[in-house]
Amino acid sequence: MSGSNFVDYVKIYCRSGKGGPGSRHMRREKYIPKGGPDGGDGGRGGHVIIRGNSQMWTLLHLKFRKHIFAGHGASGSGQGSTGKDGEDVYIDVPLGTIARDSETGEVMFEITEDGQEEHIAQGGRGGLGNTHFKSSTNQTPQYAQPGEDGEEAWKILELKVLADVGLVGFPSAGKSTLLSVVSAARPKIAEYHFTTLVPNLGIVGYRDDRSFVMADIPGIIEGAHEGKGLGHRFLRHIERNSMLLFMIPADSDDYLKEYDVLINELEMYNPELLDKERFLVITKSDMLDEDLMSEIDEELKDIPHLFISSVTGFNIAPLKDEIWKRLNK
């Protein structure tokens, strides 16, 4: 998922179809001089439907498709014939997509399952034909219902990445390196901050052909919840993770302070994030000897943690065991 191809927010104009008008037709046959009304109903307008697709990871296909129109319903006709329904338009989106009303910001629905379908714009109902309005006192009604108008409005589609484990840490904490080691993902890795500009997903293989999904979230900085750095834009991707794996590099000046800052940023953005399962890893631990590890153990004695090194593979297998245990509590 390269930066240019990852799109997690689009605004689209949706217009559903109008319902077709009912028919005012009167039955006219050679040997039936007073056949009465036989006008059929109009067809309903087409819906604009959002559909979940587990094979998609981005909203890129909607980046340049801003206007989406469904078909109009056809009018009814004689002999009680109902008009053809307007053509529905389906928009496939990745799992984890949320639809919002652009004016109110209200959440309309969430797409969390493959094949799930939700109407983002409902087609108008077709009008009733004149056959519905006949009665003993009005045997030849000369009127029928018009079709209802469809809906049209700007809508927002917002993607929140679905993953079992979200990697949380400051820039250059080793998140991308860990993901590249434990999965087939190939995120960009370099010796400067904000190398990762978009979330990266990787499937981590575990024992007995089991697996879990890990997401590398772009680095958070202090003040991310206020819009500083890149964190504000991508903090929402953490909301869908089952477990949060906090990562602090071994060359950090103050482990507890960094951990507290990360916790605070999540709490300020959304306090519910602190209800998720959490675990801390000290990365780049190949730089530490046993004495230093013991000192850090004492400093972090109240926080469940593990020392790892993605470069040497130190404690990577125990880390997978710990993650699997916590995911299946």
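I took contact to mean heavy atoms within 4.5 Å. The model I worked from is predicted.

**Entry: helix H5**

I started with helix H5, residues 316-327. I checked its length: at 1.5 Å a residue, its 12 residues should span 16 Å, and the end C-alpha atoms are 16 Å apart, so the two agree. I then listed its buried residues, which are Ile316, Leu319, Glu322, Ile323, Trp324 and Arg326. What covers them? I found that the cover includes helix H1 (175-182) and the strands E9 (163-169), E11 (211-216), E12 (241-249), E13 (277-283) and E14 (305-307).

**Entry: aromatic pairs**

I counted 6 aromatic pairs. One of them is Phe133 with Tyr143, a tilted pair with 5.5 Å centre to centre and 45° between the planes. Both residues lie in the loop between E7 and strand E8 (152-159), so the pair ties together parts that are 10 residues apart in sequence.

Phe212 and Trp324 form another tilted pair, at 6.3 Å centre to centre with 40° between the planes. I looked up where they sit: Phe212 is in strand E11 and Trp324 in helix H5, so this pair links distant parts of the chain, 112 residues apart. Phe212 and Trp324 are both buried.

I also found Tyr13, Phe69 and Trp154 together in one aromatic cluster. The charged end of Arg15 sits over the ring of Phe69, 3.9 Å from its centre. Lys11 lies over the face of Trp154, 5.7 Å from the ring centre.

**Entry: sheet E4-E2-E7**

I traced an open sheet of 3 strands in the order E4-E2-E7, with mixed pairing. E4 and strand E7 (117-121) are at the edges and have a single partner strand each, so one side of each lacks a neighbour in the sheet. From one strand to the next the twist averages 30°.

How do E2 (residues 48-52) and E4 pair, and over how many bridges? I found the parallel sense, over 5 bridges. Val48 stands opposite Val89 in E4, and Ile49 has Tyr90 as its bridge partner there.

Notes. Residues are numbered from 1 along each chain as its sequence is written. This is a predicted model: local features need pLDDT of at least 70, side-chain atom pairs count only at pLDDT 80 or more; totals for chains, interfaces and linings use all residues. Side-chain values use heavy atoms; hydrogens and water are left out. Two strands pair if DSSP finds at least two bridges between them. Helices (H or I, at least four residues) and strands (E, at least two) are DSSP runs, numbered from the N terminus. Axes are lines fitted to C-alpha atoms, for helices over the stretch in contact, and angles run from 0 to 180 degrees between N-to-C directions. The expected span of a helix is 1.5 Å times one less than its number of residues. Buried means under 20% relative accessible area, exposed over 50%, partly exposed in between (1.4 Å probe, protein chains only). Rings of Phe, Tyr and Trp (its six-membered ring) pair if their centres lie within 6.5 Å; planes under 30 degrees apart count as stacked, over 60 as edge-to-face and the rest as tilted. A charge sits over a ring if NZ of Lys or CZ of Arg is within 6 Å of the ring centre and within 35 degrees of the ring normal.
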